Amino acid sequence: MLAGLGLSAVETDFYRHFLRQPASSPADAGDAMGLTAQEAGPVAERLMSLGLLAGTADGGLRAVHPALACRPLLEHAELRLARQRKELELSRAAVDELAAETGASGTSSLAEAEVHRGAAAAWAFLERIAATARASVRCMAAAGAAPGVGETSDYTAVSALAAFTAQRGTGVQLLLLESIDILPSLVEGARRMAASGVEVRTVPTLPAWTFVVDDEYVATALDPADNQAGLMVVRTPGAVAAATDHFARHWRGAAPLATSDQPAPRDLMHTHRDLLAMLADEMLDETIARRLGVSKTTARRRIKHLLQEFDVRNRTQLVVRAVRMGLLD
């Protein structure tokens, strides 16, 4: 329970014993937990060093109130987490730099095809599309972030490129997944693009991020399951014609993006937030079902639905993505 503060399960139970029975001694706590005196002594010393236990005038020990004792530990944990996040960002930047170098050295240039490997190289090519497209850009935005974009819950970077392209006078048509309405931030990003002159429609499914540019070449995600892998660019007339036809068929059956004066998109329901919190606590399906007041089958179905909505493969990835989106504290 207090593992995030650096306490083991034994130390947590030891401290809890003193909170419940103020007149206890280390030996009493040890006996209650099945510890020998030799084992209980170091645990008590460790809790005293952390400020959770304090000495009394008669030479005994007492538990310090959790609100007072745990505050320094929480602050220390928060500082440690902040350092870890900073180190992670630095590592991510280093990985992108290495990916860009790998992309530069690993790019294969043929007469009609080329590969841009890595997140940085992929994003650089999207910037190139925005800056050089003359007549049209048709984009199918599949699940997950655009190639080269790390954040899946924000269209800010893509919106800026799309708006820049449209404001240059290039026609931009964008197909988005209907499931964007699970997050208001994605809907707002889509509306910003529409306000800048981008034609936006939504469809139930899309195979992979694809850009058809000026009816001259096609840029497709190198790996639909990994938006950091890079882009494949093909200029053969057959590939361009096939991609153009594929886009047109999706476009004809797509729905216009809802405007701001239409009913608000569905937000993540309160039960979904509760479910995410339970998954973050690694609760068993039986416990989740009992907490939600539903059958185990229904609970599993809701979990499967969330995995699909968030485009992740397992529960760990779901919790990580929910934390990044600010859906979990």
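1. The largest cavity is lined by 15 residues, and those nearest its centre are Val137, Val158, Leu161, Ala162 and Phe211. Helix α5 (119-132), strand β4 (136-140), helix α6 (156-167) and strand β5 (171-177) are the elements that each give two or more residues to this lining. Here a cavity is a set of points, on a 1 Å grid over the protein atoms alone, where a 1.4 Å probe fits but cannot get out, and lining residues have an atom within 4 Å of a point. Helices (H or I, at least four residues) and strands (E, at least two) are DSSP runs, numbered from the N terminus.

2. The model is a predicted one, in which local features need pLDDT of at least 70 and side-chain atom pairs count only at pLDDT 80 or more, while totals for chains, interfaces and linings use all residues. Residues are numbered from 1 along each chain as its sequence is written, and side-chain values use heavy atoms, with hydrogens and water left out.

3. The volume of the largest cavity is about 210 Å³, and the count of cavities of 30 Å³ or more comes to two. By class, its lining has 14 nonpolar residues, one polar and no charged; Ala, Val, Leu, Ile, Met, Phe, Trp, Tyr, Cys and Pro count as nonpolar, Asp, Glu, Lys and Arg as charged, and the others, Gly among them, as polar.

4. The structure holds four aromatic pairs (rings of Phe, Tyr and Trp, the last by its six-membered ring, with centres within 6.5 Å; planes over 60 degrees apart count as edge-to-face). One of them, Phe125 with Tyr217, is edge-to-face, at 6.0 Å centre to centre and 75° between the planes. Because Phe125 lies in helix α5 and Tyr217 in strand β8 (residues 217-221), this pair ties together parts that are 92 residues apart in sequence.

5. Helix α10 (residues 285-292) packs against helix α11 (residues 296-309) at an angle of about 100°, the axes being 8 Å apart. The two are therefore roughly perpendicular (65 to 115 degrees). Asp285, Glu286, Ile288, Ala289 and Leu292 of α10 meet Lys296, Ala299, Arg300, Arg302 and Ile303 of α11, where contact means heavy atoms within 4.5 Å. This contact has five nonpolar, no polar and five charged residues.

Technical notes. Axes fitted to C-alpha atoms, helices over the stretch in contact; angles between N-to-C directions. Parallel < 35°, antiparallel > 145°, perpendicular 65-115°, else oblique. 1 Å grid on protein atoms, 1.4 Å probe; cavity = no way out; pocket = protein on both sides within 12 Å on 5 of 7 lines; lining within 4 Å. Points joined across faces, edges and corners; volume = space filled by probe spheres on them. Phe/Tyr/Trp six-rings, centres within 6.5 Å; stacked < 30°, edge-to-face > 60°.
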